[in-house]
Amino acid sequence: MHNKIKELLQFGTVGAKVAIKGWIRTKRINKQVVFLTINDGSCQQHLQVVMTPSELPKELLNQLVTGASVAVSGCLVASKGTKQSVELHGDHLTLLGSAPDYPLQPKPHSLEFLRTWMHLRFRTNTFGAVFRIRHAISYAIHHFFHERGFCYLHTPIITAADAEGAGELFRVTSLDAAHPPKNPDGSIDFRADFFNTATNLTVSGQLAAEAAAMGLGAVYTFGPTFRAENSNTSRHLAEFWMVEPEVAFNNLDDTIALAEGLLKSLSADLLKTCPEELDFLNQRLQGHKNEADKTPSMDLLERLQFVLEQPFARITYTEAIAILMEAASNKNGTFAYPVTGWGIDLQSEHERYLVEQHFKRPIVVTDYPKDIKAFYMRQNDDGKTVAAMDILFPGVGEIIGGSQREERIDYLKQAMQRAHIEDLNWYLDTRRFGTIPHSGFGLGLDRFVLFVTGMENIRDVIPFPRTPGHVAC
Ligand code: 4AD
Ligand code: MG
């Protein structure tokens with residue numbers, strides 16, 4: 001058995017005999033002592049190990065380099081340095097794995113460089129912090145819903161449905177790609193495929209969650225989601241993680257309140273569970289700000305406090321368009337996509353203008369035109385808009401998308417016809433038998449992690465990102 005460095009730094013008593021295992025981050029050596037800093041992934045901090053060089057064989061000493069893995073046992077002593085309370089005076093060291101030519105040196109590397117060593121970047125301070133935070137948020141999400149009586153639903157990853165109706169599907173097939181069976185008109189005959197029909201990876205678990213909510217009351221999904229949209233931006237992944245609660249009898253206001261409550265609760269939890277990680281990332285962000293002065297002005301802790309303390313602003317899409325039409329950036333042509341009038345889809349630059357420059361806090365935009373939103377959203381009485389809501393965050397833009405669902409079968413059928421959606425008879429059954437008002441939303445986990453860590457690219461908050469043209473590891 002060995003000890004976790006996190007526990008030793010928190011609770012270790014001076015004089016205790018302990019043993020650790022981890023990776024060398026730095027080595028300093030002189031005639032009398034060798035100092036090693038060791039990290040084992042349990043926390044942000046390293047443990048300093050002090051040894052006497054003359055007690056170590058020369059060959060072993062030479063192999064103690066950044067990246068090598070070691071096991072050390074010895075005695076905890078009070079640290080003379082100010083950085084930590086204790087250090088380990090080692091009396092026995094075993095080299096577990098040497099690391100000749102290890103590519104990550106103990107100096108700041110650019111995130112772009114680290115993306116070329118994706119499988120090793122877990123061993124850096126920055127990515128250690130990001131992934132411990134990602135874990136803490138995931139755990140807190142389950143806790144939040146469990147506490148409120150939600151049932152965690154495992155919705156399928158392989159599906160025959162395009163839940164968003166946007167056609168951004170990754171096909172799943174066992175047909176021979178070189179010689180697929182064909183219909184007389186030349187199209188592929190998916191009746192000969194594994195499931196006797198065309199299937200794809202899920203773009204959302206929502207439709208399945210709706211069916212489940214209309215029996216279990218309140219459910220949530222939390223899983224990988226796949227979209228073949230060719231968006232090579234710092235906010236899009238082809239494989240991302242989405243949390244989708246769905247609640248029977250909730251209307252749009254209820255779902256907005258649930259979403260705001262979730263984001264606030266996650267922010268509050270994180271301040272308690274990951275102070276060292278946030279502190280480290282905050283310093284990183286401040287350092288960058290001084291260099292380039294283009295990062296958001298608030299520090300990380302201020303941002304979380306801000307989410308926690310401010311009620312989110314709430315506006316309709318129609319009001320948002322009016323604000324954007326009047327914006328200086330629109331009038332002087334700074335927007336890449338000019339805001340020409342009611343009916344346009346909001347681009348990320350518009351969303352960020354509203355959040356960062358106009359309202360200066362998270363906002364909820366409601367009641368979008370039905371033509372730019374998914375078929376399942378409930379039509380409003382004006383006949384033009386739907387009971388949709390998007391939550392927009394500083395630095396990120398859209399972090400949540402949700403709606404009240406169309407529970408009236410005639411309206412739903414019409415919307416499906418407009419969107420050319422067939423083969424969803426099972427979904428219509430949920431409206432045929434005991435239909436009810438219900439609502440839900442999807443939170444992009446990766447985008448929330450992006451916001452709280454202050455990282456700038458979504459590729460740096462997921463272990464192995466999948467983006468157009470890239471599938472490393
Ligand atoms: O707005 P979206 O497309 O909504 C849905 O999928 C609904 N079915 C959710 C629901 O009502 N149950 O996606 C929801 C969120 C977005 O706000 C965004 O945060 C994230 O998922 N998202 C992405 N994150 C990373 N990469 C992508 N390509 C994303 N697409 C959506
Ligand atoms: Mg959306």
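This briefing covers the nonpolar cores and aromatic contacts of the structure above. The model is predicted. Its largest nonpolar core holds 86 residues, and a second, separate core holds 37. A search of the whole structure finds 18 aromatic pairs.

**Largest core**
- Five of the 86 residues touch the most other members: Ile137, Ile391, Phe393, Leu443 and Phe448.
- Helix 4, spanning residues 125–147, supplies the largest share of this core, with eleven residues.
- Domain 1 (5–97) and domain 2 (121–168 + 203–460) each contribute at least three residues to this core.

**Second core**
- This separate core of 37 residues includes Val203, Tyr317, Ile323 and Ile363.

**Around Leu443**
- Neighbours within four places in sequence are set aside here.
- Leu443 is then in contact with Trp241, Met242 and Val243, among others.
- Its contacts also include Leu262, Leu263 and Leu266.
- Ile399, Ile400 and Phe448 are in contact with Leu443 as well.

**Aromatic pairs and clusters**
- Phe375 and Tyr376 form an edge-to-face pair.
- The ring centres of Phe375 and Tyr376 lie 5.4 Å apart, with 75° between the planes.
- Phe375 and Tyr376 are both buried.
- One aromatic cluster is formed by Phe144, Phe145, Phe150, Tyr152 and Tyr220.

**Lysines over rings**
- Lys373 lies over the face of Tyr368, at 4.2 Å from the ring centre.
- Lys384 places its charged end over the ring of Trp342, 4.7 Å from the centre of that ring.

Methods:
Residues are numbered from 1 along each chain as its sequence is written. Chains are lettered from A and ligands numbered from 1 in the order in which they are written. This is a predicted model: local features need pLDDT of at least 70, side-chain atom pairs count only at pLDDT 80 or more; totals for chains, interfaces and linings use all residues. Side-chain values use heavy atoms; hydrogens and water are left out. A nonpolar core is a set of buried Ala, Val, Leu, Ile, Met, Phe, Trp, Tyr and Cys residues joined through side-chain atoms within 4.5 Å. Buried means under 20% relative accessible area, exposed over 50%, partly exposed in between (1.4 Å probe, protein chains only). Helices (H or I, at least four residues) and strands (E, at least two) are DSSP runs, numbered from the N terminus. Domain bounds come from an automatic or database domain assignment. Contact means heavy atoms within 4.5 Å. Rings of Phe, Tyr and Trp (its six-membered ring) pair if their centres lie within 6.5 Å; planes under 30 degrees apart count as stacked, over 60 as edge-to-face and the rest as tilted. A charge sits over a ring if NZ of Lys or CZ of Arg is within 6 Å of the ring centre and within 35 degrees of the ring normal.
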